[in-house]
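Dear colleague,

I am handing over the structure we spoke about, with the sequence alongside. Please keep it open while you read the notes that follow.

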Amino acid sequence: MPTLFEKIVAREIPADIVHQDDRVTAFRDIQPRAPVHVLIVPNKPIPTANDVVAADEATLGHMFTVARDIARQEGIAADGYRLIVNCNEHGGQEVFHLHMHLVGGAPLGPMLRG
Ligand code: AMP
């Protein structure tokens with residue numbers, strides 16, 4: 001079964017895609033938690049951070065350069081932003097296709113509730 005995000009990568013279901021290349025796709029989160037909330041996903045469906053392998057390193061690194069470029073495009077690079085990858089139950093992961101959240105556009109508060 002393709003993941004929800006594979007269907008977005010394949011453009012089988014609609015999404016507000018802000019970047020796509022041969023390795024990654026980035027699109028706006030459907031339920032934004034900040035003024036800017038973009039998800040950056042590998043086109044290849046890696047389920048969780050536990051499942052990454054050495055062969056994924058170039059793609060995973062590319063996710064950071066894409067995040068940097070989108071932050072610039074969105075005008076939030078100088079003020080700053082947060083990059084988040086959730087893993088499994090304790091991390092609060094809901095979609096089991098690895099993704100990086102790029103959130104910003106306002107002060108985000110403490111990283112974690114104490
Ligand atoms: P996570 O909890 O890290 O797995 O985050 C999953 C994210 O996917 C959540 O922030 C959801 O709002 C987002 N999401 C779920 N379905 C869609 C969709 N169809 N298009 C865009 N974002 C989605």
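In what follows, Ala, Val, Leu, Ile, Met, Phe, Trp, Tyr, Cys and Pro count as nonpolar, Asp, Glu, Lys and Arg as charged, and the others, Gly among them, as polar. By these classes, the shell around the ligand divides into 7 nonpolar, 6 polar and 4 charged residues.

The model is predicted, so local features need pLDDT of at least 70 and side-chain atom pairs count only at pLDDT 80 or more, whereas totals for chains, interfaces and linings use all residues. Residues are numbered from 1 along each chain as its sequence is written, and side-chain values use heavy atoms, with hydrogens and water left out.

Of the 17 residues around the ligand, Asp-29, Arg-33, Glu-94, His-99 and His-101 come nearest (a residue is near if one of its heavy atoms lies within 4 Å of the molecule). α1 gives the most to this shell, with 3 residues (helices, H or I, of at least four residues and strands, E, of at least two are DSSP runs, numbered from the N terminus).

Turning to polar contacts (pairs of N or O atoms within 3.5 Å; within protein, one must be able to donate a hydrogen and the other to accept it, and residues adjacent in sequence count only if both atoms are side-chain atoms), a polar side-chain atom of Arg-33 lies 2.7 Å from an oxygen atom of the ligand, and one of Asn-86 lies 2.9 Å from an oxygen atom of the ligand. For Val-95, a backbone N or O atom lies 3.0 Å from a ligand oxygen atom. Taken alone the ligand exposes 510 Å², and the protein buries 90% of that (accessible areas come from the Shrake-Rupley method with a 1.4 Å probe; for residues, only the protein chains shown count as cover).

With best wishes
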